[in-house]
Amino acid sequence: MKSSPMTVALALATGMSANVLSNDSGTLHNKAQWKQATATAEQVAVGQHGLALRQTLEGHWTSKWLEAPEGDCWKSVAAEAEIDLFANKTIEVIVDGSAKPFVDADGVEHDWYGRCMIAILDERRWVMAIRSGVDHIQIGKRDAIHVLTSSDEGRTWSKLNHWFDGTPIEGLPYEDGYTHSEPGLYRMPNGDLVLQFWRTFSTSGTKQLRSTDDGKIWQIDHERLEVQDVPEVPGNQALGTEDWFIDPENPAHVYMAFQYFDYQGRLGTHLSGTFLARSTDNGRSFRFLSWIGPLGDTRDRGSRATFEPAVEYVGNRTIVAVLRDAEPGASGGGYTWQTVSTDMGASFAPLVDISEQVDGGITNGLWQRVRLYKESNPIFQFGNRLDYARGEGRLWGFGLHSNGGGYTRKPVVYYSDDNGKTWHGPESLHGAMFPGTDTGYGDLKRRTDGTFVAATYFATPDSSVADTEQYTFGGQRVRMLVEVDRDGDELADGDSGWREIYGGRNEIGLSQLSGARWRVQLELRAPQGECVPAVRCLQLKTESKEGVTVLAASARPPKVLLDWKMQPPVERDGERILPVAGPAGRDARLFGEVRYATDPPRFELSGQAALVATEAIEPDRLTVEALFRADRVDGAATRNDASGFISMGYTFAENRWGAGRP
């Protein structure tokens, strides 16, 4: 292992103190405190400065049950961490363009391989789609579409168009004499693999293949895919191969970004725009939802024409999108655009230029051909334990960083801890670059051990030859689980769920875990030969409890809160109150603390969601029906033994609701 340890400082805190370490109550800081609190330490050393991973890949530490201040409740966990996300970088050539491994039907040796997308099938098997051809793109020439397979999460890859068992794949490579450019590869909710690419060029729509056996056999699914109900332009000229996600709350719903792109006015419209479509039949058909970026004229900078969209779900029925500027032509113009939808794609906000955030210190630096992934998204990492429906985890972005929309290009990653409000990066994955570099159009995934894997093309200075390259980085991880024991039997009655601890400051809410005793589990990981993480401090702080707490026993499966519609205040007995607002025909999850005049808050009672009842609601009082039996109730409440429900009045502080309160 390297001699200098990676360090992580953690503070478990309730309350809003500016200095979370100002109070020694519930603090583990020095060697004696750590040793006294330790129940088990597997491959973890307890020292003067906290915990450190021994000379191994993974360790686990568990505290004893620790006393919490009686009668108080917990607020949040604050974590300060120093973790080198981009340690252990590697670069590997997956397909060597100079070796010309594919010869097309015209006898032409292809020397340009790239424009990648990866689909994860299970904990080991990955499939990668790439395009081959001659040069960066040759209009009217013969391209081919290929796949590679891996049985070890991309550590090794097959030859072109060979399955996991080494046998040739049926139906690939696909070539028919036309320009197919980049492929898009998607694993549908039913397990089918869908492969999209340009039908003949960017102006002729999308061809789609399908495999129902994990990529062993491919057949044409759509000779020309037509997106239904696209306004103003033909739906059969829409280009797929872009970004996508599966709705975690409606797992049969596939959301996919498309573009309409009249390159150089070949269709006579000069229009370009990006839109979101949805499929409810595993990608066999798609229907238009809304324009992400407006349909604009590529000759007019004021029209804000866009192409090459990236989209990702970030929780609370919200979608973030990053778009490439299409003005003028296809150079990428002078902007990196971003927008957001808060109604699950029914509409998107006006475009915002984020170029200054992502320029990397270069005056005309742009982030382009983006793909976005939440760490909790199962298509990003198999088997991760984060909650995608709630938008847990960082938002990662892969793409290319360019100078003024052209060349020099660099393969880069960005990340955001606030769902795209701010971005960190770019972090170049290739290392030394040269003027005129041609690279980009790739994908990013994460292995089950936490290592990040990116794949893209990297071309010679004249872009006449391109390899498919793969980059890996990271792998150091610290994860934390906080547990509560309410009845003193030394068994966990609830927990926070495993939470990722990042570099810098972390805030994790614990307001639903109050109890008499608490325990912490920590997982520490590091790749072989890399710096090891160390945890230096833990602290629990509390605040006085107000209102009603329902403690659950034998909780039923959680249910979502009713969709809440705002109603104007009315007069009743001389008081202004907010009348009942019942369900609006569907369920919708509501997260976080929101203004009273807009939505009720989400209640998490012992890890289970509660329903806001449909009775009248007064300004400072909500009636809550908990969908489980309770074994203890703190505060005023009414028990309905016939139904097994608990109805309670929960009173909130005057300043909870802010200016929006009626």
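What is the volume of the largest cavity? The largest cavity has a volume of about 60 Å³. Before going there, note that this is a predicted model, in which local features need pLDDT of at least 70, side-chain atom pairs count only at pLDDT 80 or more, and totals for chains, interfaces and linings use all residues. Residues are numbered from 1 along each chain as its sequence is written, and side-chain values use heavy atoms, with hydrogens and water left out.

**Stop 1: the largest cavity**

Select I83, L85, E375, W396, R446, F452, Q476, R477, E500, I501 and Y502, which line the largest cavity. A cavity here is a set of points, on a 1 Å grid over the protein atoms alone, where a 1.4 Å probe fits but cannot get out; lining residues have an atom within 4 Å of a point. Its volume is the space filled by probe spheres set on the points, which are joined across faces, edges and corners. Coloured by class, the lining shows 6 nonpolar, 1 polar and 4 charged residues (Ala, Val, Leu, Ile, Met, Phe, Trp, Tyr, Cys and Pro are nonpolar; Asp, Glu, Lys and Arg are charged; the others, Gly among them, are polar). The structure holds 2 cavities of 30 Å³ or more.

**Stop 2: R525 and E58**

Next, select R525 and E58, a salt bridge whose closest N and O atoms are 3.7 Å apart (a side-chain nitrogen of Lys or Arg within 4 Å of a carboxyl oxygen of Asp or Glu). R525 lies in strand β40 (residues 517-525) and E58 in strand β6 (residues 58-63), so the pair ties together parts 467 residues apart in sequence. Strands are DSSP runs (E, at least two residues), numbered from the N terminus. R525 counts as buried at 17% relative accessibility, whereas E58 is partly exposed at 40% (buried is under 20% relative accessible area, exposed over 50%, partly exposed in between, with a 1.4 Å probe and protein chains only).

**Stop 3: D143 and R131**

Move to D143 and R131, whose closest N and O atoms are 3.0 Å apart in a salt bridge. D143 is in the loop between β14 (126-133) and β15 (144-150), and R131 is in strand β14. D143 is buried at 1% relative accessibility, and R131 is buried at 0%.

**Stop 4: D438 and R409**

Finish at D438 and R409, a salt bridge with its closest N and O atoms 3.4 Å apart. In total, the structure holds 37 salt bridges.

Methods. 1 Å grid on protein atoms, 1.4 Å probe; cavity = no way out; pocket = protein on both sides within 12 Å on 5 of 7 lines; lining within 4 Å. Helix = DSSP H or I, 4+ residues; strand = E, 2+ residues; numbered from the N terminus.
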